[in-house]
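Try each task before you read its solution.

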Amino acid sequence: MTMARKVKVSVSIDPAVLGAVDRYAARAGVTRSAAMERWLAQLTHRENLTRLEEETAAYYEALSGAERRDDASWAADASAAARRIDIDGPRGARRAK
């Protein structure tokens, strides 16, 4: 697997924020750049999850009455099918080791 090439940038941040980055980097045993990259990656991940939640909510809010009934029917059928799946075998049965 090839690593994506890193890009060097210059940013201006509040000294208190830089202090927090440096403390985190020292505790984690990583460079300042690695600490900032981790924080930014976490923030990006959270923002992506938030956007996905918002888009999912908007999708369901935009459904017509007929589409909502159809979705409810699919959900009920899937739930019924899932309840019929026997993953662990009969209750009390032991698995062979």
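**Exercise 1. How many aromatic pairs does a search of the whole structure find?**

Solution. The search turns up 2 aromatic pairs, where rings of Phe, Tyr and Trp (its six-membered ring) pair if their centres lie within 6.5 Å; planes under 30 degrees apart are stacked, over 60 edge-to-face, and the rest tilted.
- Start with Tyr24 and Trp39: their centres are 5.4 Å apart and the planes make 45 degrees, a tilted pair.
- Now place them: Tyr24 sits in helix α1 and Trp39 in helix α2, 15 residues apart, so this pair links distant parts of the chain (helices are DSSP runs of H or I, at least four residues, numbered from the N terminus).
- Go on to Tyr59 and Tyr60, an edge-to-face pair with 4.9 Å centre to centre and 85 degrees between the planes.

Before moving on, a word on the ground rules. This is a predicted model, in which local features need pLDDT of at least 70 and side-chain atom pairs count only at pLDDT 80 or more, while totals for chains, interfaces and linings use all residues. Residues are numbered from 1 along each chain as its sequence is written, and side-chain values use heavy atoms, with hydrogens and water left out.

**Exercise 2. Is Tyr24 buried or exposed?**

Solution. Check the relative accessible area (buried is under 20%, exposed over 50%, partly exposed in between; 1.4 Å probe, protein chains only).
- Tyr24 comes out at 18%, so it counts as buried.

**Exercise 3. Describe α1 from end to end.**

Solution. 
- Helix α1 runs over residues 15–28, which is 14 residues. From first C-alpha to last α1 reaches 20 Å, close to the expected 20 Å (1.5 Å times one less than the number of residues).
- After α1 comes Gly29, with a positive phi near 70 degrees.
- The buried residues of α1 are Gly19, Val21, Tyr24 and Ala25, and they pack against α2 (32–61).

**Exercise 4. At what angle do α1 and α2 pack?**

Solution. 
- The angle is about 105 degrees, and the axes are 9 Å apart (axes are lines fitted to C-alpha atoms, for helices over the stretch in contact, with angles from 0 to 180 degrees between N-to-C directions).
- The two helices are therefore roughly perpendicular (65 to 115 degrees).
- Among the residues meeting here are Leu18 and Ala28 of α1, and Arg32 and Met36 of α2 (contact means heavy atoms within 4.5 Å).

Terms used: Parallel < 35°, antiparallel > 145°, perpendicular 65-115°, else oblique.
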